[in-house]
Amino acid sequence: MSRFSAESSASTGISSTASKTAKTTTTSVTISTQHTTISGAASTSTYCVDSANTFCLVALRNSSVTTFTVYSTAAGWCAFGTGTSMTGSTIFVGWKYNGSAVVSQRSSTGHTLPTYENGNFTLVSTPSAVSVPTAASCAFSIAIANTDTTVLSTSTSNFIYGISDTAPTTPSSASSSFTQHSSYGTFSLTVAETATASAATATTSTASSSSSSSSGTASSTYCVDSSNTFCVVATRNTTATTFTVYSTAAGWCAFGTGSSMSGSTMFVGWLYNGAAVVSQRASTGHTTPAYESGVFTAAATPADVAVPASAGCAFTIAVPASAGVVSTTGATSLIYGIGSSAPTTPASAASAFPQHTAYGAFSLDVSQLGATTTGAAGAASAVDLVLLHAALMAVAWGVFPFAAIFVARYCKDALGHWWFVTHKYLFLVGVGGAMVAGLVCVELSLDDGDARFSSSSHAVLGAAIAFALYPAQVALGFVSDRLFRADRAAVPWWDKLHWWMGRVIVIVALAEIQLGFNLYQDERGLSIGVIAGFWTWVCVAILLVFGFFGEYRMGGAVHHVAAKEIGETETLRRLTQIGSVFPSQISPDKNLPVVYV
């Protein structure tokens, strides 16, 4: 039986097929029911999971009724049902209460808690021909009219079974909910009518059985760390895989297929008023996954999975095998994410939820039935491309522009023509090269379908700088160089536009770097010391390098305008200031170079 649960549930195990013997014999019995006594020759067929009586069913059929006696060593409940799966099955569930059997009939539509219904059976005493072992903790006998062909046919009939060591919620009531099975499986019986009983005596039919013993389920567990930051336990059987997810995150927790968000089917859950709220999401990349109709079924936590009390988020779902979520030939690649903030509307499974505070990739292997494995973390990249992108862009716009502007503003006299060469290559090779390398890191870190330049304000502003402002500034610099005249009497407007555009781009780029810090901090966490260190450097560059050295020690800005009659004293003063920083520029014979003011 795939799953019995007090909550919506689904199958959690897969069983290997083993050969069991269902003996068919003929005997004379008296069946005492609550309403009548039925006598006569009966055909008997018996099925046991194993010699330890983990689960056994004995069917006795005569001309009018068939009696089913079920017994098990399970301390909670035991059950059998019609068919080969829970879908469309009529299930009979029983347990002991104060020494008496309590039995109910249930209607199952699939991997959910079977619904209580009025029964077509009669609770009877154990037939004299059946010996229930004293070790059986669960046992009951019911009689069903042979006219009820939904339960037993005149040929081979298929059945499912399930047992649990946990008692029902309200054991005194036949309609009580009950916990998930600890073992289940399928089998078949051949019970001939009385007329053919003698022939059946000589026949031993084989019942193919699927049991949820260790040889019939595959289980794999992965935890990010020993603190249960994120854990998932997967148990696969032939019909479904059950995933139990738990995390210390107070907001939400999730896992998804694949090794990245691109094309991933994700399952996101959170707790609301003590109950799990779970949804299925379709992800196309690093954006909020879209809500979609789910292939999963909510399930109760398996009895063998212990969710720690510290878990702020926990849920269990069962996903049918047909969904193809896990591989049956090898390890399955999966991703996870957790968030410390609650969803916008936690009562709704379709609610929006904030960005993850931690995420990663891992793998689980539930391909081999009977095997229990430990999941593995996804292979870590040798280089953190996002971190490398951040470092490259911080240097591109936090270091090189200051050097290039300093050279252009203060070093024309000191460097002569080389100021322009230095300024040009600091912007082209320094800023441009580091920026291109940073963009390559972004490209390599994205998945197919990811939004490159529209996923955040950081992405939008970065695209504007890289593909509009920076190229325009470089072009304007080359135009200014081409229009330069050594005898010009004033600085032309295009030069001034180049100055101010450069200053504006640097300010915008610094704001862009801070947006990047914010994004990185939200997704991965970032020390405030890193942010403080960067802005400390910016302040030092402006106040110390530009303010003290440039304006005070070097005498301020030098512009490309032909010198007027400023007098030898003023010229020597300026050259002396320059010489204090660049002494090699002052010749011993005081042969003065051309001075720009």
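Guide: Two strands count as paired if DSSP finds at least two bridges between them; strands (E, at least two residues) and helices (H or I, at least four) are DSSP runs numbered from the N terminus. This is a predicted model, in which local features need pLDDT of at least 70 and side-chain atom pairs count only at pLDDT 80 or more, while totals for chains, interfaces and linings use all residues. Residues are numbered from 1 along each chain as its sequence is written, and side-chain values use heavy atoms, without hydrogens and water.

Visitor: Why is β21 called an edge strand?

Guide: The open sheet runs β21-β22-β16-β15-β14-β25. β21 (297–298) and β25 (372–374) each pair on one side only.

Visitor: Why are α3 and α8 called roughly parallel?

Guide: α3 (residues 400–410) and α8 (residues 528–553) pack at about 15 degrees, an angle between N-to-C directions of axes fitted to C-alpha atoms over the stretch in contact, on a scale from 0 to 180 degrees. Angles under 35 degrees count as roughly parallel, over 145 as roughly antiparallel, 65 to 115 as roughly perpendicular and the rest as oblique, therefore α3 is roughly parallel to α8. Their contact (heavy atoms within 4.5 Å) includes Phe402 of α3 and Trp537 of α8.

Visitor: Where does pLDDT stay under 50?

Guide: Residues 574–597 stay under 50, on a confidence scale from 0 to 100. Where pLDDT is low, predicted coordinates should not be read in detail.

Conventions. pLDDT is the predictor's confidence in each residue, from 0 to 100.
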